[in-house]
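Subject: Structure for your review

Dear colleague,

Please find below the structure that I am handing over to you. My notes on what was found follow it.

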Amino acid sequence: MAIDSIKDKAAIVGIGVVDFSTDIGRTEWYTACQAIKLAAEEAGVNIDDIDGMVKSVDDGPDPTYTGKGLGIDNLLYHSENHWGTSAMMNAVHAVAGGLCNYCVYYQTAHRASGPEKCISDFLVAREFRDDSLDMVRYDYFSPFGLIGEPGYVAMMYRRYMHETGIKPEQLGWVPIVASENAARNTNAIFFDKSITIDDYMQSKLIADPIRELDCAPKVDGSIAIVITTPERAKALKQEPVIINSVASGYALEGQNYTSYTRDVITDLPEMENMAKELYRVGGMGPKDIKVAMLDDTFAPYVPMQLEALGFCGKGEAPAFIEGGDKIRVGGQLPVNPDGGEIGQGRFITTRIVEAVRQIRGTSTNQVANTDTVLVASGAGGPADGMICRKE
Amino acid sequence: MSVEYNADQKIPHPAMWGVLYKSSTPFWDGVKEKRVMLQRCKSCGYWLNPPRPMCPKCRSQESEWVAAKGTGKIYSWVTFNESPHSAFKTPYEAVLVELDEGPRIVSNVVGINSDELEIGMPVEVTFEDVAEDLTLPKFKKVG
Ligand SMILES: [Zn+2]
């Protein structure tokens with residue numbers, strides 16, 4: 001149990017989103033600076049006042065390099081955290097702890113056209129010359145053709161189907177609702193119109209039982225988020241979005257998408273651990289959450305997260321998503337009203353952007369009276385989460 | 001079904017990143033002698049799978065490698081209809097086998113059709129020379 005001194009001690013005051021593309025035609029350095037400039041302008045923060053920068057390790061140029069691009073003379077705080085929204089924790093801790101005043105969390109990744117269009121595993125692996133659990137596993141997978149994340153997830157998902165009885169006709173509602181929401185979202189580039197259950201059933205089983213439509217497509221994008229204290233936020237342009245809590249979750253025998261050696265491989269103990277801490281620090285529970293921004297990099301993780309985060313009971317998620325009514329805008333728990341990563345491309349910080357828009361009341365698919373949003377990331381690996389709320 | 005390879009393409013070796021991780025070397029040395037080697041904590045017996053430098057249960061750093069019997073059950077599988085690597089002809093299966101000792105390992109099946117595969121199916125190890133310098137432990141029906 002950690003101290004809960006970060007509760008309500010930081011706020012999101014600006015967001016900058018570069019238009020998504022499958023061929024953005026710029027360097028990541030360029031679009032990182034572009035997103036940060038947009039976010040600072042939106043917030044009403046002078047770039048010279050940005051004194052903290054954070055990002056996740058695998059996305060975009062590092063903070064000191066990006067800071068140079070922006071012409072920032074001094075950074076009081078710069079750091080990187082692992083995948084997902086975990087860097088949000090760094091930003092919150094830095095601002096709440098007084099290490100810096102205005103911290104930018106940016107994610108820049110040109111996965112569709114840039115250097116990352118090859119399997120991201122290869123890039124990660126290059127970083128590891130010595131043994132690490134997450135790398136050694138490839139020695140055991142690749143010679144057998146178990147290569148790439150859709151396959152890793154499919155191995156878990158077949159077992160999940162076996163244990164829960166979930167059918168494709170149920171899981172299909174995750175991408176169907178994502179497509180409906182994406183079709184309404186002017187920022188989303190992947191669905192002009194919504195798909196049907198027939199479209200889903202005909203989607204290619206690339207790594208059976210995983211279909212092409214179960215996977216978030218690769219995209220080029222760049223997003224920046226400005227974080228400061230609620231006190232400083234008062235002098236800025238936007239209505240602040242208060243960060244009620246942030247938390248991280250780990251569990252034994254975890255490996256990204258391949259925790260095959262646990263007794264049970266079909267639940268998300270990292271997410272459960274994260275949620276416990278998130279709700280404890282924030283003083284909230286699943287019933288207090290109006291909108292859930294879930295990790296839909298691969299569709300099966302959505303029902304799993306609904307259970308791990310306490311939005312429905314164990315074994316209830318397949319029925320919860322079936323037909324889509326409970327997870328649509330207007331339903332019991334709207335999930336990813338922006339279309340998620342399935343609708344917008346594989347880009348984690350879109351969830352934070354949509355959380356901000358929902359609380360400001362400016363989403364393209366607005367849920368009425370949204371005053372709390374939960375953001376989760378890292379399904380199938382170390383998990384991170386955030387609850388944000390209206391001031 | 002059994003994996004078929006494109007003859008002109010190199011099958012990914014365990015050292016696909018250019019180095020064979022020290023932790024997994026005993027496993028691949030064992031395969032050359034037609035054995036499935038597993039790492040186990042010497043102090044409390046916890047399986048260290050995949051291999052690692054310390055037992056997560058008792059924190060001992062003393063471990064040993066033991067040969068598995070080579071029998072187990074199909075725990076899950078994936079059928080690749082789109083190949084993630086040019087060496088593998090589609091469709092093919094990667095399977096997760098739960099060895100009778102407990103640990104689960106990724107492998108392929110030999111002589112089992114896709115529509116025959118089912119969770120819980122008993123299997124036993126067989127060794128296939130897939131390249132001049134690469135032997136893989138695969139699994140076939142028992143008996
Ligand atoms: Zn031990």
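In what follows, contact means heavy atoms within 4.5 Å. Please also bear in mind that this is a predicted model.

**Helix α12 of chain A**

With that cut-off in mind, the buried residues of α12(A) pack against α6, α7 (168-171), α8 (173-184), α11 (269-282), α13 (317-321) and β9 (372-377) of chain A. The helix covers residues 301-308, and eight of its eight residues are buried, so it is largely enclosed by the rest of the structure. The buried residues include Y301(A), M304(A), Q305(A) and E307(A). Just after α12(A), a positive phi of about 85° is found at G310(A).

**Chain A as a whole**

Chain A contains 15 helices and 10 strands. Its C-alpha trace spans about 55 × 50 × 45 Å along the principal axes. For 391 residues, a compact globule would have a radius of gyration near 21 Å, and the 20 Å of chain A agrees with this. Of these 391 residues, 64% are buried. Where contacts in chain A join residues at least 6 apart in sequence, 75% of them are between residues at least 24 apart.

**Aromatic pairs**

Over all chains, a search of the whole structure gives 13 aromatic pairs. One of them is formed by Y157(A) and Y160(A), which are tilted, with 6.3 Å from centre to centre and 35° between the planes. Both residues belong to helix α6 (residues 149-164) of chain A; because they are three residues apart there, about one helical turn separates them. Y157(A) is buried, with a relative accessible area of 1%, and Y160(A) is buried as well, at 2%.

In chain B, the ring centres of Y5(B) and F88(B) are 5.7 Å apart and their planes stand at 55°, so this pair is tilted. Which parts of chain B does the pair tie together? Y5(B) lies in the segment before α1 (25-32) and F88(B) in the loop between β3 (71-80) and β4 (92-99), so the parts joined are 83 residues apart in sequence. Y5(B) and F88(B) are buried.

Ring pairs also link residues from both chains into a cluster, made up of Y140(A), F144(A), F27(B) and W28(B).

**Charges over rings**

Two arginines in chain A may be of interest to you. R26(A) lies over the face of Y30(A), 4.1 Å from the ring centre. R232(A) lies over the face of Y102(A), at 6.0 Å from the ring centre.

**The zinc site in chain B**

The zinc ion has as protein donors the SG atoms of C41(B), C44(B), C55(B) and C58(B), at 2.3 to 2.4 Å. The angles among the four donor atoms run from 100 to 117°, and the site is tetrahedral. For reference, the ideal angle for four tetrahedral donors is 109.5 degrees. Along the chain, the donors follow the spacing C-x2-C-x10-C-x2-C. C41(B) in strand β1 (residues 37-41) and C58(B) in the loop between β1 and β2 (63-67) are 17 residues apart, and this pair links distant parts of the chain.

Yours sincerely

Key:
Residues are numbered from 1 along each chain as its sequence is written. Chains are lettered from A and ligands numbered from 1 in the order in which they are written. This is a predicted model: local features need pLDDT of at least 70, side-chain atom pairs count only at pLDDT 80 or more; totals for chains, interfaces and linings use all residues. Side-chain values use heavy atoms; hydrogens and water are left out. Rings of Phe, Tyr and Trp (its six-membered ring) pair if their centres lie within 6.5 Å; planes under 30 degrees apart count as stacked, over 60 as edge-to-face and the rest as tilted. Helices (H or I, at least four residues) and strands (E, at least two) are DSSP runs, numbered from the N terminus. Buried means under 20% relative accessible area, exposed over 50%, partly exposed in between (1.4 Å probe, protein chains only). A charge sits over a ring if NZ of Lys or CZ of Arg is within 6 Å of the ring centre and within 35 degrees of the ring normal. Donors are N, O and S atoms within 2.8 Å of the metal (3.2 Å for Na, K and Ca); water is not among the atoms, so sites may look incomplete. Four donors count as tetrahedral if all angles lie between 85 and 135 degrees; four count as square planar and six as octahedral if opposite donors are over 155 degrees apart and all others between 65 and 115; anything else is irregular. The radius of gyration is taken over C-alpha atoms; the globule rule is 2.2 Å times the number of residues to the power 0.38.
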